[in-house]
Amino acid sequence: MKTKILFLFIIGIGILFGCSSENVEIDIETDAPNQILMLKVDYTTNDFEGGTILGFSKKTDNFTITNEYVPPGDFGSVKLIYKELNQMLFSGTIHWMGLGKMTFPEKLEPANSFRHVITNDYRYPRDIQDVFNPDNRDLDYDRPWTSVQGLVKVRNFLDTNPDQIVKMFLYTPSVGEGDPKDWYWVIYLKK
């Protein structure tokens, strides 16, 4: 009986303090000396949807992203490459009159695993560079940036590398009759 009461007490304490696995904040860390923070932001709502840290064992001073683009006749693709290391940062399919998907990285941490700062100050990088825009769209980078600039990880990457140029692109896995609700921004920062 005492064991049962103790168990119920522990569960009650967990509920009282909000210890639900859905709300646990994970501190995304990597020990790699060269880290790239990748973030995903919805195109239509500008809601932050998640991200990850890509770690590389070799450090570089420069951070250049090149792309390999296969235009979607029916099926196309885009790959983003960290030029200095010849390492993939992103890979995704593009479908004409359909819906492609991101194939690398395979998984992103959910948005609720990233902590936000408590302050209200706004942080802006030195500049934002569009690394892939095959349709030469006139894009507004301020809205997606606003949704991530308050993340602790973003602030940490900006503090570590304050002169960096943030890299960004709009991933459109559906084109032709594609739905912009399927599209999202991908943002990269280098530590």
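Visitor: Is N86 buried or exposed?

Guide: Start with the cut-offs: buried means under 20% relative accessible area, exposed over 50%, and partly exposed in between, with a 1.4 Å probe and protein chains only. N86 has a relative accessible area of 63%, so it counts as exposed. Bear in mind that this is a predicted model, where local features need pLDDT of at least 70, side-chain atom pairs count only at pLDDT 80 or more, and totals for chains, interfaces and linings use all residues. Residues are numbered from 1 along each chain as its sequence is written, and side-chain values use heavy atoms, with hydrogens and water left out.

Visitor: What is the phi of N86, and where does the residue lie?

Guide: The general idea is that most residues other than glycine have a negative phi, and most peptide bonds are trans. N86 has a positive phi, near 55 degrees, and sits in the loop between β4 and β5. Strands here are DSSP runs (E, at least two residues), helices are H or I runs of at least four, and both are numbered from the N terminus. N46 also has a positive phi, about 60 degrees, without being a glycine. It is found in the loop between β1 and β2, and at 14% relative accessibility N46 is buried.

Visitor: Which peptide bond is cis?

Guide: Look at the bond from F104 to P105, with omega near -5 degrees. P105 belongs to the loop between β6 (102–104) and β7 (109–110).

Visitor: How do I read a strand's two faces?

Guide: In a regular strand the side chains alternate between the two faces of the sheet. For β11, Y184, V186, Y188 and K190 on one side and W185, I187 and L189 on the other are all buried. With 7 of its 7 residues buried, β11 is therefore largely enclosed by the rest of the structure.

Visitor: Which strands form the open sheet, and in what order?

Guide: Two strands pair if DSSP finds at least two bridges between them. Here 6 strands run in the order β7-β2-β1-β11-β9-β8, with mixed pairing. β7 and β8 are the edge strands, each pairing on one side only. Helix α3 (residues 152–160) packs on this sheet, touching β1, β2 and β11, and its direction makes about 140 degrees with that of β1. That angle is between N-to-C directions, on a scale from 0 to 180 degrees, using lines fitted to C-alpha atoms, for helices over the stretch in contact.

Visitor: How does β11 pair with β1 and with β9?

Guide: Both pairings are antiparallel: β1 with β11 over 7 bridges, and β9 with β11 over 5 bridges. Y184 is the bridge partner of D42 and also of Y171, while W185 partners L170.

Visitor: What does M38 touch?

Guide: Contact means heavy atoms within 4.5 Å. M38 lies in β1 and is buried at 1% relative accessibility. Leaving out residues up to four places away in sequence, its contacts include L89, F90, P105 and Y188. M38 and Y188 are 150 residues apart in sequence, yet 4.7 Å apart in space, C-alpha to C-alpha.

Visitor: Which residues have the most contacts inside the largest nonpolar core?

Guide: A nonpolar core is a set of buried Ala, Val, Leu, Ile, Met, Phe, Trp, Tyr and Cys residues joined through side-chain atoms within 4.5 Å. The largest has 23 residues, and those with the most contacts inside it are L80, L89, F90, F169 and Y188. A second, separate core of 22 residues includes L39, V41, F48 and L170.
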